[in-house]
Amino acid sequence: MQCYSNLTKHFNKNRNGSEKDMKRDQEQERTIQNMKDAGCSDDAINSFLLCYQANDVNGELQVLFRHRKNLLDKIHREQKKIDCLDYLVYQIEQSVKSAEKI
């Protein structure tokens, strides 16, 4: 279920159809797509849209920075796993080299 779609329809329904409003709607749709491409959850997108509608730029940034931090944390966790594998490979290679010397 994509709650942000309902929210977007609500915002669009309340517009009077002016060119300025149409541009804002297009900008909003591009922003939603960008957030989906970045892996944002529906909750994060909804939070962002509420801030966007309220012209709360600080709130928008908080949502984006929170998601960015979560992505970086995930990268760091995955990097630790790679480091463990690299160390295991190193140990095996050293074991093979030691056995070849005997």
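Student: Which residues make up the largest nonpolar core of the protein?
Tutor: In this predicted model, a nonpolar core is a set of buried residues joined through side-chain atoms within 4.5 Å. The largest such core has nine residues in all. They are Ile 32, Met 35, Cys 40, Ala 44, Ile 45, Phe 48, Leu 49, Tyr 52 and Val 63.

Student: Which helix gives the most to this core?
Tutor: Two helices, α2 and α3, each supply at least two of the core residues. The greatest contribution amounts to five residues, and the helix that gives them is α3.

Student: Which residues does Met 35 touch, not counting residues up to four places away in sequence?
Tutor: Met 35 is itself a member of the nine-residue core. With residues up to four places away set aside, the partners of Met 35 are Cys 40, Ala 44, Ile 45, Phe 48, Val 63 and Leu 64.

Student: Against which helices do the buried residues of α4 pack?
Tutor: Buried here means under 20% relative accessible area. In α4 the residues that qualify are Gly 59, Glu 60, Val 63 and His 67, and Val 63 also belongs to the largest nonpolar core. The helices against which the buried residues of α4 pack are α2 (19-37) and α3 (42-53).

Student: What distance does α4 reach from its first C-alpha to its last?
Tutor: Helix α4 spans residues 57-101, which is 45 residues. At 1.5 Å a residue, the expected value is 66 Å. The model comes close to that, with a reach of 65 Å.

Conventions:
Residues are numbered from 1 along each chain as its sequence is written. This is a predicted model: local features need pLDDT of at least 70, side-chain atom pairs count only at pLDDT 80 or more; totals for chains, interfaces and linings use all residues. Side-chain values use heavy atoms; hydrogens and water are left out. Helices (H or I, at least four residues) and strands (E, at least two) are DSSP runs, numbered from the N terminus. The expected span of a helix is 1.5 Å times one less than its number of residues. Buried means under 20% relative accessible area, exposed over 50%, partly exposed in between (1.4 Å probe, protein chains only). Contact means heavy atoms within 4.5 Å.
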